[in-house]
Every structure is written in structure tokens, then in C-alpha cells.
Amino acid sequence: MRKRLLTILLAVSVISTLTIAGCSGGNGEEKEETKETEDDQKAANEVADLIDAIYVQERNDQTDEACKAAKEAWDELTDEQKELVEGENADPDYFGKDTGDASADDSRNQDGIGENELLAVSFGTSYNDSRVEDIKGIEDALQEAYPDWSVRRAFTSQIIINHIQARDGECIDNMDQALERAVKNNVKNLIVQPTHLMHGAEYDELVKAVERYQDKFESVKFSEPLLGEVGSDASAINSDKEAVAKAVTAQAVETAGYDSLDAAKEDGTAFVFMGHGTSHTAKVSYSQMQTQMQVLGYDNVFIGTVEGEPEETSCEAIIEAVKNAGYKKVILRPLMVVAGDHANNDMAGEDEDSWKSLFENSGFFEQVDVQIAGLGGIEAIQQIYVDHTAAVIDK
């Protein structure tokens, strides 16, 4: 009996020793894994901080080095660490999202301008394919139409300029850089052609920027943005708005595979064009575009905005309007010069608050499709800009 008891006690002792040893080994591995996780997150956080540091609207003497440092730090991360990048504005898509080939673009920041410069000013986009198709498309059309003028580029969003520079190594002038370049090149005659949709806040800011350099040139002239003069109320439409309405609708109908807008209507299809929206007084331009569609007899075309300003252009209001009109199929397309972040995410994204998701989840429609294409890639739209420049040159 005593021998058996000793055997049992010995077995328990061995098991206890093995168990303790096993637990000790497990804790070591867990600690090691925890440290690796902490190191990964630390590395990701450092990159996030570097991205947030260049996600700013003001350029300074450290901007170039800051853009370079952010990209170099990103490149040193492992794939797993890249997925952990998260900051105030930073995320894995900042460097990781494929938006096309930046090398197909032309920054148009060359010197050797000559006496006559046509400065095409855009808000900008970090979506490479859209920048080439929409912004460069307009610039190319202007250069072809006016070979005696040097077309140069400026973006008004430093956030976007920094993004492109950090990710792709492409340097685009902001307004001050472009104007300083013009002065340095002894430009005498400057025409500023905004590629903006309307006389909104961005347009006002670019005018102020140019006014600071007004006395550096013999002449400075401004061309109209795409929709021309704003007008006083929702009923005020003009030839520019008519031309834009016809161009974007025709392109949307063709892309959707219909022979005509009437054919789409008979098929129960409505087209919803999504603009940005603004609190600026120019927001009436969106209401005017809806009026223009009605005047043209485009009953199955609706104008909305991301910001929901004016109120009747909010997504909820447009869903209700399309539903009440009896349409069961919807095609969403941006009413924006560039098909950038708003078009890809706010309109066509998979998140539950995207317009595509909101239309689908409303339960009112059998089919919801999207067309991700900016206005700038439409030849008829490019011609409107060319005509606006012509009006200034001829005058």
C-alpha cells in the first residue's frame, strides 16, 4: 500500500513539473508574440503619423522631405504592418490603393513657357487614371486648340498634391508655385482657365491667389468654369448648363447601352447624377441643372449632391423623388469633373452609406448600376472649356 502511494505521489509530481514547464513555455511564446504585435503596431503608427503630417493644406520648406520620408517608411513595412496603419487621415489605401499609372500623366510644370500662358487650374485628384482621363484630357484639348499658348497646370488642393508626390514621385504645382514659375519665365499674358464645375469656394480662392500676382503680368484674364455664370435662382439656366446637361446625359445613355433617353425611360430606368454640393451661394447651380433637365424634357434624370446642399439634392430626397416617379432601375453617375474619391467611394463604394448601398437597401428598386466616369473625359465637355478660353482670347 505504501509503495503504491509513493508511486502515485511520484506520478503527480512528474505531471505537475511537466505542466508547470509547459505553462512557462507558453507564457514565453505569448510574451514574444505580444512584443511582435506591439512592434508591428508601433511601426504602423509611425507611418500613420508621417502620413498625417503631409495630409495638410499648407506647403512649407519641409514638405518635400516629409513626403519622401513617409513613402520610405511605408516601403519598409511588412504587408501585415501596412494593414495596421491608421491615423487621423491615414489608412492602408493612402499608399496601397492602386489608382492607375501615374506615369501616363503630365504635370505640365515645365519652364520655357514663353510670353503667353494658359494656366489650367483644378482642385486635383489622387486617382491616377481619373487625373489622366479627366484633367489631362481637358488640358490636352486646350493645348491642341491653342498651340501658340503654353498650357500649364496648378492644383488648389495641397493635400492631393502631397499625396501624389509621396506615393508616385510626381510633383504638381500649387497656385503659388505655378504663378511664381510664370513670373520667373517672364510670362506677359496670363489666362486662367478653371476646370471647376462652378463659381464656388474653390473658384473664389484661386481668384484671390492670382490677384496677389496681378501686377507681375501685362494682362491677366479669367475664363468661366464649366457651368458659366451662376444666376440668381433655380430658374436661371444658360447655354453652358444646357450643353453640360446634354453632354453628360448622352454619354450616360450610351454607356448604359440604350439607343436614347426615351428608350431608357420606357425600360423604367432613371439616371441620377451626383454632384459634390456646397454651402456656397453657388449651390443654386445644382437646382438650376435640375431645372435644365426638366426644360429639356429629361424627366428621368435627377440631380443630387454628396453634401445634400441644396436640401432637395440629398440622397434621401433623390431616392424619394425617383421612387415617386415610378422608376425601378437606377444608374448612378458623378456630376463632377473628375471621377475621384467621391465617385469611387461616396457614390459607388460598398459601405452602407454609399449612394449605391442606400439605393439598393431602400428596397424600392430592382436594379442599381454605377458609371464611374468624370465629366472631363467627355469630348463635348472639353469643348465647352475650349470655348470659354476662346471667349477670353478673342476679347
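1. Accessible areas here come from the Shrake-Rupley method with a 1.4 Å probe. On that basis the accessible surface of the protein chain in this predicted model comes to about 19,500 Å², with 47% of it belonging to carbon and sulfur atoms.

2. The protein chain holds 15 helices and 8 strands. Its radius of gyration is 28 Å, well over the 21 Å that the globule rule gives for 395 residues, so the chain is more spread out than a compact globule. Along the principal axes, the C-alpha atoms fill a box of roughly 115 × 60 × 35 Å.

3. As for charge, the chain carries 34 positive and 79 negative charges, whose mean positions lie 4 Å apart. The whole structure contains 22 salt bridges.

4. One of these joins Glu170 to Arg131, with the closest N and O atoms 3.0 Å apart. The pair links distant parts of the chain, since Glu170 sits in the loop between helix H6 (158-168) and helix H7 (175-184), whereas Arg131 belongs to helix H5 (residues 128-145), 39 residues apart. Both Glu170 and Arg131 are buried.

5. Asp173 and Arg181 also form a salt bridge (2.8 Å, N to O), and both of these residues are buried.

6. Lys323 and Glu320 meet in a salt bridge of 3.1 Å, N to O. Because they are 3 residues apart in helix H12 (residues 315-324), about one helical turn separates them. Lys323 is partly exposed, at 28% relative accessible area, and Glu320 is partly exposed at 35%.

Terms used: Residues are numbered from 1 along each chain as its sequence is written. This is a predicted model: local features need pLDDT of at least 70, side-chain atom pairs count only at pLDDT 80 or more; totals for chains, interfaces and linings use all residues. Side-chain values use heavy atoms; hydrogens and water are left out. Helices (H or I, at least four residues) and strands (E, at least two) are DSSP runs, numbered from the N terminus. The radius of gyration is taken over C-alpha atoms; the globule rule is 2.2 Å times the number of residues to the power 0.38. Lys and Arg count as positive and Asp and Glu as negative; His and the chain ends are not counted. The place of a charge is taken as NZ of Lys, CZ of Arg, CG of Asp or CD of Glu. A salt bridge is a side-chain nitrogen of Lys or Arg within 4 Å of a carboxyl oxygen of Asp or Glu. Buried means under 20% relative accessible area, exposed over 50%, partly exposed in between (1.4 Å probe, protein chains only).
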